[in-house]
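This report describes selected features of one protein model. Please keep the sequence and the structure in view while reading.

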Amino acid sequence: MQLNKRKFDVVVVGAGGSGLRCALQIARAGLDVAVLSKVFPTRSHTVAAQGGISASLGNMSEDNWYWHMFDTVKGSDYLGDQDAIEFMCREAPSAVYELEHMGMPFDRNPDGTIYQRPFGGHTANLGEKPVQRACAAADRTGHALLHTLYQQNVAARTHFFVEWMALDLIRDADGDVLGVVAMEMETGEVSVLQAKATVLATGGAGRIFAASTNAYINTGDGIGMAARAGLPLQDMEFWQFHPTGVAGAGVLITEGVRGEGGILLNANGERFMERYAPTYKDLAPRDFVSRSMDQEIKEGRGVGPHKDHVLLKLDHLGAETIHKRLPSIAEIARKFANVDCTKEPIPVVPTIHYQMGGIPTNIHSQVLTVGADGAEHVVGGLYAIGECSCVSVHGANRLGTNSLLDLVVFGRSSGRHLVDSELVRGSHKDLPKDCADAPLARLARLESSSSGESIQDVANAIRASMQKHCGVFRTSDLLKEGVEQIAQLEQRVQSIHLKDKSKVFNTARVEALEVENLIETAKATIVSAEARKESRGAHSHRDFQERDDANWLKHTLWFRDGSRLAYREVQMKPMSVEAFQPKPRTF
């Protein structure tokens, strides 16, 4: 087959917050950058982020980056790398002010400064009291961020490949990445996009679970590409359940509701978080609140005919405050829960929301792998940023509003590192002759299959299995059974069948390719989770209920080859301050 080939200095896969911020840095430096996206850029999943972006601006009361760092390390249950966390928290104010100067429409205080709301786990003076640190654009912060960055990229003449799907990385004999093989979704035409540097910014993979706040596009495409290229995946056992998804719908209700004063109630009308977190109450970190809600439901204090959810009460805030600070939440409550939240509470339940693990990187966002000698090595020409990456600023549990911060801080810093590197100033390396063989073979197998299973049947089986075996609370038996089921489902993925062989706007072909990425993500998650014999952050293990720093203060690395595991040390040494030593988490 004759393949189209295009050359760029840098190819960025993904047009969410991190991909756009990285591309903007590169385009402004005069380099030739292409951005691939499965959807129009402003429909990337960053658009769904609601509550805010954290930065220690101190606009509402005293705050500083060191307190923000403490909250992030503690929130991560001490699995976060402290050098990366310090870097992110130090960079936060300048990153937010930069967005403000780009025109991002933050909410304002009467004096014109950026309004900041309270958020779960945000404290002053190393946990002494809550602090208002979340910079917000009502409850549409991600929407404002994404549109701002897209407009800036248009002005900078970034080249967009819209409705294109990256299929696989291209690696040469040295292990360097030379670009991607990609498919135009409308026509099914496959092309090689050659680059001196490739940046994976493909977002999370929450669609491996049946109940998720994630968009349908979040299928772990970058995770699957990295795994098939022989690269490890780090800390995939850690998935954050957001405490407040609309019961039965999975649509996100921002933590900003609780930041503005909303409270959680059980069937008895009790504000139950006061029992679990006497100091932080409803603004404890997400893993803690999710487990508390699940406990209330399991002990029979859930609400509704099936007693399977709790209530989020915000009517006491007043209609004026709700429509000013939380307009989208009022709309979501009406559309997805049939509730007028200015008069009645919203039914909510913990729902899969965010992937803490991903492709391991260093502080410059360069992808890392482990060589035959057991030492860590940088993968030449490959970067990863955003939710698909794991520089490990989130560890075992992400602090609310640090996701948008992660996107812009590491999007900007990876762009700076690329612009300053000799890599993009040199010439393109020669492509291997077989660079597109593997993805073309996968497509050919789909085309040639005349019978087999439905794509959606297999995808739904993966989601059902992950939901059952890898939920809020996990046990050894559940996880072991899940490992076996996902292994069986991997075989079923190989027999999926395209009923419609049309190449024009054939969503089935895209969905089949996405299922191949879902199964890699699911395998990495369930195998890593089954092996971790402790409870830490979002990984809550009924058979090992204590955190075990002596044996498990380490990052998990999962390799596709043989589904094998390795481990690496947590970076406990910050850049310039004393390390925060692990302590029991109390709220």
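## The second largest pocket

In this predicted model, the second largest pocket is lined by 22 residues. Those lying nearest its centre are Phe-288, Arg-291, Ser-535, Ser-540 and Gln-545. The space in this pocket amounts to about 560 Å³.

Helix H8, formed by residues 286–298, supplies the largest share of the lining of the second largest pocket, with five residues. Sorted by class, the lining of this pocket has nine charged, eight polar and five nonpolar residues.

## The largest pocket

The largest pocket has a volume of about 880 Å³. Its lining consists of 36 residues, and the closest to the centre are His-45, Val-47, Ala-48, Thr-213 and Val-251. Two elements each give two or more residues to this lining, namely helix H10 (327–337) and strand S14 (346–355). The largest share, five residues, comes from H10.

The classes in the lining of the largest pocket are 18 nonpolar, 12 polar and six charged residues.

Which residues of H10 are buried? They are Pro-327, Ser-328, Ile-329, Ala-330, Ile-332, Ala-333 and Ala-337. In general, an α-helix has 3.6 residues a turn, so residues three or four places apart point the same way.

The buried residues of H10 pack against strand S11 (239–246), helix H6 (256–259), helix H9 (319–325) and strand S14. Strand S14 also contributes to the lining of the largest pocket, as H10 does. After H10 comes Asn-338, which has a positive phi near 55°.

## Enclosed cavities

Rolling a probe the size of a water molecule over the atoms shows where empty space is left. The model has four cavities of 30 Å³ or more. The largest cavity holds about 700 Å³ of space. It is lined by 48 residues, of which His-45, Thr-46, Gly-203, Asn-218 and Glu-387 are the closest to its centre.

Several elements give two or more residues to the lining of the largest cavity: helix H1 (17–28), strand S2 (33–37), strand S7 (164–171), strand S14 and helix H11 (402–420). By class, this lining comprises 25 polar, 17 nonpolar and six charged residues.

Arg-133 belongs to strand S5, which covers residues 129–135. Is Arg-133 buried or exposed? Its relative accessibility is 0%, and therefore Arg-133 counts as buried, the cut-off being under 20%.

Leaving aside residues up to four places away in sequence, Arg-133 touches Ile-53, Ser-54, Ala-55, Ser-56, Asp-63, Trp-67, His-68, Asp-71, Gln-116, Arg-117, His-122 and Thr-123. Among these contacts are the aspartates Asp-63 and Asp-71.

## A three-stranded sheet

Three strands form an open sheet in the order S10-S19-S20, and their pairing is antiparallel. Strand S10 (233–234) and strand S20 (564–569) stand at the edges; each has a single partner strand, so one side of each is left without a neighbour in the sheet.

Strand S19 (residues 554–559) pairs with S20 in the antiparallel sense over six bridges. Within this arrangement, His-555 stands opposite Arg-568 in S20. Helix H15 (residues 507–531) packs on the sheet and touches S10, S19 and S20. The direction of H15 makes an angle of about 135° with that of S19.

Definitions and conventions. Residues are numbered from 1 along each chain as its sequence is written. This is a predicted model: local features need pLDDT of at least 70, side-chain atom pairs count only at pLDDT 80 or more; totals for chains, interfaces and linings use all residues. Side-chain values use heavy atoms; hydrogens and water are left out. On a 1 Å grid over the protein atoms alone, a cavity is a set of points where a 1.4 Å probe fits but cannot get out, and a pocket is an open set with protein on both sides within 12 Å along at least five of seven lines; lining residues have an atom within 4 Å of a point. Grid points are joined across faces, edges and corners, and a volume is the space filled by probe spheres set on the points. Helices (H or I, at least four residues) and strands (E, at least two) are DSSP runs, numbered from the N terminus. Ala, Val, Leu, Ile, Met, Phe, Trp, Tyr, Cys and Pro count as nonpolar, Asp, Glu, Lys and Arg as charged, and the others, Gly among them, as polar. Buried means under 20% relative accessible area, exposed over 50%, partly exposed in between (1.4 Å probe, protein chains only). Contact means heavy atoms within 4.5 Å. Two strands pair if DSSP finds at least two bridges between them. Axes are lines fitted to C-alpha atoms, for helices over the stretch in contact, and angles run from 0 to 180 degrees between N-to-C directions.
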